[in-house]
Amino acid sequence: MSRRYFGTDGIRGLANRPPMTSEVALKVGMAAGKIFQKQQSNYRHRVVIGKDTRLSGYMLEAALMSGFTAVGMDVFLLGPMPTPAVAMLTRSLRADLGVMISASHNPYDDNGIKLFDPDGYKLSDETELEIEGLIDGNVADLLAPADRIGRATRVESAQERYIEFAKRTLPKNLRLDGMRIVIDCANGAGYKVAPEALWELGAEVIKIGVEPNGRNINDKCGSTAPDALISKVREVRADIGIALDGDADRVVIVNEKGEIVDGDQLMAVIAENWHRTGRLTAGGVVATVMSNLGLERYLKGIGLEMVRTPVGDRYVVDHMRKHGYNVGGEQSGHIVLSEYATTGDGLVTALQLLAVVVSTGVPVSEVTKRFDPLPQILKNVRYESGKPLEDTRVVEAISAGKKKLGKCGRLVIRPSGTEPVIRVMAEGDDETLVNNVVGDIVEAVRAAAVE
């Protein structure tokens, strides 16, 4: 069944244009609120709503609040909070539903709506389709009687609760005293809680990307644009740099030399540490098709397996839940540690790395150099309409690329789930060959995309 509103990560689009309008948000609140109400006559159903710092967040927050209260749910407003904090507080506050208003690493003029079930997990495809069915129906039928309309309350303690939760993921009595840490919060959802948590743990904290104005989220800052962080780490001679994205569910690390550390290296560090201390479950990690082959080979070398899923944290989490893994994630830095969280958490991931650094006394550059990544090339090709991947020239180019790489490399071509882009990735032992394969496929996709 086709989906009209939901994509791979909730509902997302250009703010004030369908589907990211107040009208749709209102109907989402009504539909989701109705579905998640339990059949208990005296029970006050509740939903928590968090957001990042985008200008359109005010508009969508108000519309969602109106929709939920209209069908009889009490609303708890968290204000700007990381996505993992919303998932955590959904469970902590015993809410029936959690909502995060964010477009993650996208520019400010995009926005999105992510929904979490009572356990803090993203909704299943079936539930999302059920919500879509109600959105397109007669929403007037969903309205609660006047005496059952919900109330809205702002949770003043939300930030403190999340900070305490994050700090408690560290081993008891472990402190960050003496560490100089630069943190870039992307002018996004973590701009208050992340620096505060690090400071309370004893670190000297240098903050950048902590002055949101509604339009500067992810703008030349954060995990997708780490140049400012690299420069600041070198300037102040920091021990580590931490870059979050707009909703703080992913992280990129910069070591004391100003070098970037991606999610693959972070998964290797955490998996090896947890394996050594007996905490790793299921004998390995869950990654996606985009993770470097070097990670897979490294894990195999220390007796661990790596399972690959399609791109998207929901697929990673789904496999982790079904098969008992407690470490998984994406090369982009979206790391899921299921002992603590139901979704990626940039701050908690950084803290797990810092725990290894502090306990070993080894610099970040050494701790995070677990393997040499294979040459990996990723290029994006934007298209306006149609299905370029079905074009004969593209199909032939992909087939030829796979034959050239053989068993010494991998090829992954996929459409983005959040924008009209075809992503072409190849990796292998021969960098020249990898470049040529990607170039041939990109040329074919571009030719198909303009027709």
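**Figure 1. Glutamate 296 and its contacts.** Leaving out residues up to four places away in sequence, glutamate 296 touches Met306 and Arg308, where contact means heavy atoms within 4.5 Å. The side chains of glutamate 296 and arginine 308 are joined by a polar contact of 2.9 Å. A polar contact is a pair of N or O atoms within 3.5 Å; within protein, one must be able to donate a hydrogen and the other to accept it, and residues adjacent in sequence count only if both atoms are side-chain atoms. Glutamate 296 belongs to helix H9 (residues 293-301). Helices (H or I, at least four residues) and strands (E, at least two) are DSSP runs, numbered from the N terminus. With a relative accessible area of 29%, glutamate 296 is partly exposed; buried means under 20%, exposed over 50%, and partly exposed in between (1.4 Å probe, protein chains only). This is a predicted model, in which local features need pLDDT of at least 70, side-chain atom pairs count only at pLDDT 80 or more, and totals for chains, interfaces and linings use all residues. Residues are numbered from 1 along each chain as its sequence is written, and side-chain values use heavy atoms, with hydrogens and water left out.

Figure 2. The largest pocket holds about 900 Å³ of space. On a 1 Å grid over the protein atoms alone, a pocket is an open set of points with protein on both sides within 12 Å along at least five of seven lines, a cavity is a set where a 1.4 Å probe fits but cannot get out, and lining residues have an atom within 4 Å of a point. Grid points are joined across faces, edges and corners, and a volume is the space filled by probe spheres set on the points. Among the 34 lining residues of the largest pocket, Arg250, Val311, Glu330, Ser332 and Arg414 are the closest to its centre. Arginine 250 sits in the loop between strand S10 (240-244) and strand S11 (251-255) and is buried, at a relative accessible area of 13%. Its side chain makes a polar contact of 3.4 Å with that of serine 332. Helix H10 (313-323) gives the most to this lining, with three residues.

**Figure 3. The second largest pocket.** This pocket has a volume of about 360 Å³. Of its 18 lining residues, Lys122, Leu123, Ser124, Arg314 and Asp318 are the closest to the centre. H10 gives the most to the lining here, with six residues. By class, the lining has five nonpolar, five polar and eight charged residues; Ala, Val, Leu, Ile, Met, Phe, Trp, Tyr, Cys and Pro count as nonpolar, Asp, Glu, Lys and Arg as charged, and the others, Gly among them, as polar.

**Figure 4. The largest cavity.** The largest cavity has a volume of about 60 Å³. Its lining includes Phe6, Asp9, Lys122, Leu123 and Arg314.

**Figure 5. Isoleucine 181 and the nonpolar cores.** The largest nonpolar core has 73 residues, and Ile181 is one of those that touch the most other members. Such a core is a set of buried Ala, Val, Leu, Ile, Met, Phe, Trp, Tyr and Cys residues joined through side-chain atoms within 4.5 Å. Helix H11 (residues 346-360) contributes the largest share of this core, nine residues. Not counting residues up to four places away in sequence, isoleucine 181 touches residues including Leu176, Leu198, Ile242 and Leu354. A second, separate core of 31 residues includes Val24, Met30, Met73 and Leu97.
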